Amino acid sequence: MLTTTDPRSGVSAATDLEPTTDEGVDEIARWAAAAAHELQARGREFRAQLLDAMAAAVLEARDELVAVADSETGLGVARLTGEAGRSAFQFQLFAEAVREGSFVEAAIDHAGDTPLGPGPDVRRMLVSIGPVAVFGSSNFPFAFSVLGGDTASAIAAGSPVVVKAHGSHPLTSKLSFEVLQRAAAAVGAPRGTFGIVYGQRAGVALVKHPSIKAAGFTGSLGAASALQAAIDERPDPIPFFGELSSINPLVITPGAAAARTSEIASGLFTSFTGSAGQLCTKPGIAFVPSGETGDALVEQLKGLTREAGAQVLLNDRIRDSFGEISARLEAGGAPVAAQGSAEVPSGAGSADGFFVPPTLLETTAGALDETLAEECFGPLVVVARYTELEEVQEAFGRIPKSLTATLHVEDDESDLVSSLAPTLEASAGRIVFNGFPTGVRVTWAQQHGGPWPSTNSQHTSVGVTAVRRFLRPLAWQNAPQSALPVELRDADPGIPRRIDGVLVLPA
């Protein structure tokens, strides 16, 4: 029997959920396979209607979802209410994208004479890769879990989804799955459009199942390695799209430190402590110039850290890992420069809850290496002081690549931007100027991926182009009109298409 734990009190309680058996995984995956053809055949408008129904179902159940998630995550009603709204927005955005249709990349080359002789009629578009396994993450019980962007982008592609529920929020996962089932029933989606499994063994069995054709994952490198090893045992290995580990370095130029001392210190503190530092885009290293202006900024950051109360983490594993990693960072040459209270704030929880103090460590850019650039999930940041920007550039070459890199710079320092641009571009998937990387906008232009080890693919997991992960190209040669998808028939389907090499917009 699975348990649920309140991170504020550390108290666990039994649920009515059981780990999914191998037989259960097999049945769920087979139903997903049976639904795959029908979901694709019903076309884009049906999938758009399903996504709209998913959004409506989330909003209708939002209060109940938030209450359950808060009891299992300790993330707070305000944060979770916003996150549930984000999930609904993602579904709505993908519905719009499915109707717009450009993501299928429809192309038609009519038969005719070519410089190489007579050419056949060839038509191509992207189609569903098949059923997708989605692994929910602990830190986003909605937006990167059962109701998350992986689910949204898979359904947009026409792929049934089987979610592996995260062990930290099983009741939230169960309720979220029920919300999806209501949406499916509202539009008459085929059985197997959505499925859910519980337990680590079930997750491994899921990625091994022949009916599953791709997997989306957000979590640790260790868990990702275990899943990849299971996938490698398949006779037909499948794509595994993982968002894994990210240190998200932030660079503050001398001009920015002098001009916006308090603003940057306050923003950085909020960014590394927001959601108790349990965000994949949390800035883990902040490069701050030496000298008086840098000293003033660091002192303000230290003051904010010392005044902060203890923060609750999602589970005991993250709490224990926070202590272990912070101790390794200290031993590696980044001693504690400031730390908040270790006492549980009044009314926030109990001493048995998973609370840790916000922590600021300090070192130099020259001392930074992979040892001091280990991702620490929780409210911790390493401040690295530098004298010359060359020290920062050299340090970037020694630390892991990330989802983001941030630069605080003034308008009259354009030469510094030009100097740092190649380093930043080679190190991250998204470059943030004069802001903070936490908070990932869901848009067409968003890129939420980066060089290894932040992700293991070139595709984003947030934004409309996340759908590309679950699509494959398919071409038809000399096919009769009746055998073609609507998007490739001669009649205008109302989507952008490339016809004989020319981009043609819908009438």
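Mentor: The conversation below takes up one topic after another, and please keep in mind that this is a predicted model.

Trainee: Let us begin with the cysteines. How many disulfides does the structure hold?

Mentor: The count of disulfides is 0. A disulfide is a covalent bond between the sulfur atoms of two cysteines. The sulfur of C280 has its closest cysteine sulfur in C376, at 15 Å, and that is too far for a bond.

Trainee: Is C376 buried or exposed?

Mentor: C376 counts as buried, because its relative accessibility is 3% and the cut-off for buried is under 20%. C280 is also placed in the buried class, at 12% relative accessibility.

Trainee: On to the rings. How many aromatic pairs are there?

Mentor: The count comes to 6 aromatic pairs. One of them is formed by F140 and F144, a tilted pair with 5.2 Å from centre to centre and 55 degrees between the planes. F140 is buried at a relative accessible area of 13%, and F144 is buried at 11%.

Trainee: And what about F241 and F470, how are their rings arranged?

Mentor: The ring centres of F241 and F470 are 6.0 Å apart and the planes stand at 80 degrees, so this pair is edge-to-face. The pair links distant parts of the chain, 229 residues apart: F241 belongs to strand β11 (residues 240–243), and F470 to the loop between β20 (428–433) and β21 (471–477). Both F241 and F470 are buried.

Trainee: Which residues do ring pairs link into a cluster?

Mentor: The cluster consists of F135, F217 and F240.

Trainee: Which ring does R79 lie over?

Mentor: R79 lies over the face of F140, 4.6 Å from the ring centre.

Trainee: What does M54 touch?

Mentor: Leaving aside residues up to four places away in sequence, M54 touches F91, T151, I155, L180, A183 and F194.

Trainee: Let us turn to the strands. How many residues of β19 are buried?

Mentor: In strand β19 (residues 402–408), 7 of the 7 residues are buried, so the strand is largely enclosed by the rest of the structure. Strand β12 (residues 250–252) runs parallel to β19 and is joined to it by 3 bridges. In that pairing, H408 of β19 is the bridge partner of I252.

Trainee: How many bridges join β19 to β20?

Mentor: There are 5 bridges between β19 and β20, and these strands run parallel. A405 stands opposite I431 in β20.

Trainee: What of β1 and β2, do they run parallel or antiparallel?

Mentor: Strand β1 (residues 3–6) and strand β2 (residues 11–14) run antiparallel, with 4 bridges joining them. D6 stands opposite V11 in β2. The hairpin of β1 and β2 has 4 residues between the strands, and G10 takes a positive phi near 75 degrees there.

Trainee: Which residues other than glycine have a positive phi?

Mentor: S275 has a positive phi of about 55 degrees, and this residue is found in the loop between α10 (261–273) and β13 (285–289). D500 has a positive phi near 50 degrees, and D500 lies in the loop between β22 (497–499) and β23 (502–504). S275 is partly exposed, with a relative accessible area of 24%, and D500 is partly exposed at 45%.

Trainee: Where is there a cis peptide bond?

Mentor: A cis peptide bond joins W452 and P453, with omega about 10 degrees. P453 lies in the loop between β20 and β21.

Trainee: One last point. Where does A258 lie?

Mentor: A258 lies in helix α9 (residues 254–259), and A258 is partly exposed, with a relative accessible area of 44%. The C-alpha atoms of A258 and E410 are separated by 9.7 Å, although the residues are 152 apart along the chain.

Conventions
Residues are numbered from 1 along each chain as its sequence is written. This is a predicted model: local features need pLDDT of at least 70, side-chain atom pairs count only at pLDDT 80 or more; totals for chains, interfaces and linings use all residues. Side-chain values use heavy atoms; hydrogens and water are left out. A disulfide is a pair of cysteine sulfur atoms within 2.5 Å. Buried means under 20% relative accessible area, exposed over 50%, partly exposed in between (1.4 Å probe, protein chains only). Rings of Phe, Tyr and Trp (its six-membered ring) pair if their centres lie within 6.5 Å; planes under 30 degrees apart count as stacked, over 60 as edge-to-face and the rest as tilted. Helices (H or I, at least four residues) and strands (E, at least two) are DSSP runs, numbered from the N terminus. A charge sits over a ring if NZ of Lys or CZ of Arg is within 6 Å of the ring centre and within 35 degrees of the ring normal. Contact means heavy atoms within 4.5 Å. Two strands pair if DSSP finds at least two bridges between them.
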